[in-house]
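Here is a short note to read beside the model. Keep the structure open and find each residue as you go.

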Amino acid sequence: MQSIYAMLQNGSDNLDKEEKFLFQSIDNIRDLYLIMISALMELRNAEEDYLEKIQKKHIATPEERNPNKKFVNNIVLKQLYESNALSIALEDRKVYNWKNNDDYILLLLEAVKESELYKNYMATRTSTFNEDRDFVAALFDEVIAPNEKLYEYLEDYKLTWVDDIPLVNTAISKQLKSLTPPQEGREFLLIPRLYKDLDDKDYARDLFRKTVLNNNELAKEFIDKTPNWDAERIAELDSIILKMAICEFLKFPSIPAKVTINEYLEIAKEYSTPKSSIFINGILDNLIKEYQESKKMMKTGRGLM
């Protein structure tokens, strides 16, 4: 939707260029995931460096000579640090954000140490895997993900991430909570795939291309269904949402009509005007009835459900 909106706003007709940007934006979601998950690892590393420095002080207190290393010895954090999959992914995508901006890690570490969650965790020196996992998951949910400085950094670094942050944070939160104790020969952390399969990626390309290439024809499908609204009065975003939904109705036979309506109503609620979802729902409901009567919309396979 955003790619189509940007293309129409720019008056661009370079489909290949705009499609390339679309897939770059999707690929960047993986980079955002890697940045957020590696922040946990870098927090541990920063604290370990700090503890090593205070132990080497000329006049160190007994506590500084024998600090509580429960945080740096946290099983989950250590496994992230030692994860081959994570190291390879970070190198492959050239994600070096925290090496170039370690001041943000220090700010995050300060926020971590000030939290009641951290203080309660550090009240003892030993723990179990479950306690370590639950602590890291809660730390991510309550301290790291909501951190305003981190959010501002991510927003400034890549504007397209504004809408991806909740998606990525939710995925990481679920992943952390489902971690199981490390086992020899099994990768502790599996990097999630961007696409379920090749069909998933093809769907993104096809929806983008078919909506853009059939822009005028798709618009004609709903303009005469809005007698009280001329084309100029329909919000451009609403128009794009309608075109994409109609494109799915007519050109994606395996996608159930109800699924299409539900998805685009959610998008309208998130991005368009307060009344847009009602307006869009009314038009799409009427179009479905018309298409079913005329057999213009033919759904197959799971689309029949």
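1. Start with Lys94. Lys94 is exposed, because its relative accessible area is 60% and the cut-off for exposed is over 50%. Find Lys94 in the loop between helix H5 (84-92) and helix H6 (97-100). Now check its backbone. Lys94 has a positive phi of about 55 degrees, although Lys94 is not a glycine. Most residues other than glycine have a negative phi.

2. Next, go to Lys295. Lys295 lies in the segment after helix H16 (276-294). Its phi is positive too, near 60 degrees, and Lys295 is a residue other than glycine. Is Lys295 buried or exposed? Lys295 counts as exposed, at 61% relative accessibility.

3. Remember that this is a predicted model. Now turn to empty space. Rolling a probe the size of a water molecule over the atoms shows where such space is left. The largest pocket has a volume of about 1,900 Å³. Which of its 46 lining residues are the closest to its centre? They are Ile26, Ile29, Leu167, Tyr203 and Ala204.

4. Which helices build that lining? Several supply at least two residues each to the largest pocket, including helix H1 (2-10), helix H2 (15-55) and helix H12 (198-213). Helix H14 (236-251) and helix H15 (257-271) are also among them. By class, this lining has 27 nonpolar, five polar and 14 charged residues.

5. Move on to the second largest pocket. It holds about 240 Å³ of space. Its lining includes Glu47, Tyr50, Leu51 and Ile54. Glu63, Glu64, Lys113 and Arg125 are also among the lining residues. H2 gives the most to this lining, with four residues. Both H2 and helix H3 (62-65) supply at least two residues. By class, the lining of the second largest pocket divides into six nonpolar, one polar and five charged residues.

6. Finish with Asp164. Asp164 sits in the loop between helix H10 (148-157) and helix H11 (165-177). Asp164 is buried yet has no salt bridge. What does Asp164 contact, leaving aside its neighbours within four places in sequence? Asp164 is in contact with Ser25, Ile29 and Leu32.

Methods: Residues numbered from 1 in each chain as written. Predicted model: local features only at pLDDT ≥ 70, side-chain atom pairs only at ≥ 80, totals over all residues. Heavy atoms only, no water. Buried < 20%, exposed > 50% of the residue type's maximum accessible area, 1.4 Å probe, protein only. Lys, Arg positive; Asp, Glu negative; His and termini not counted. Salt bridge = Lys/Arg side-chain N within 4 Å of Asp/Glu carboxyl O. Contact = heavy atoms within 4.5 Å. 1 Å grid on protein atoms, 1.4 Å probe; cavity = no way out; pocket = protein on both sides within 12 Å on 5 of 7 lines; lining within 4 Å. Points joined across faces, edges and corners; volume = space filled by probe spheres on them. Nonpolar A, V, L, I, M, F, W, Y, C, P; charged D, E, K, R; others polar.
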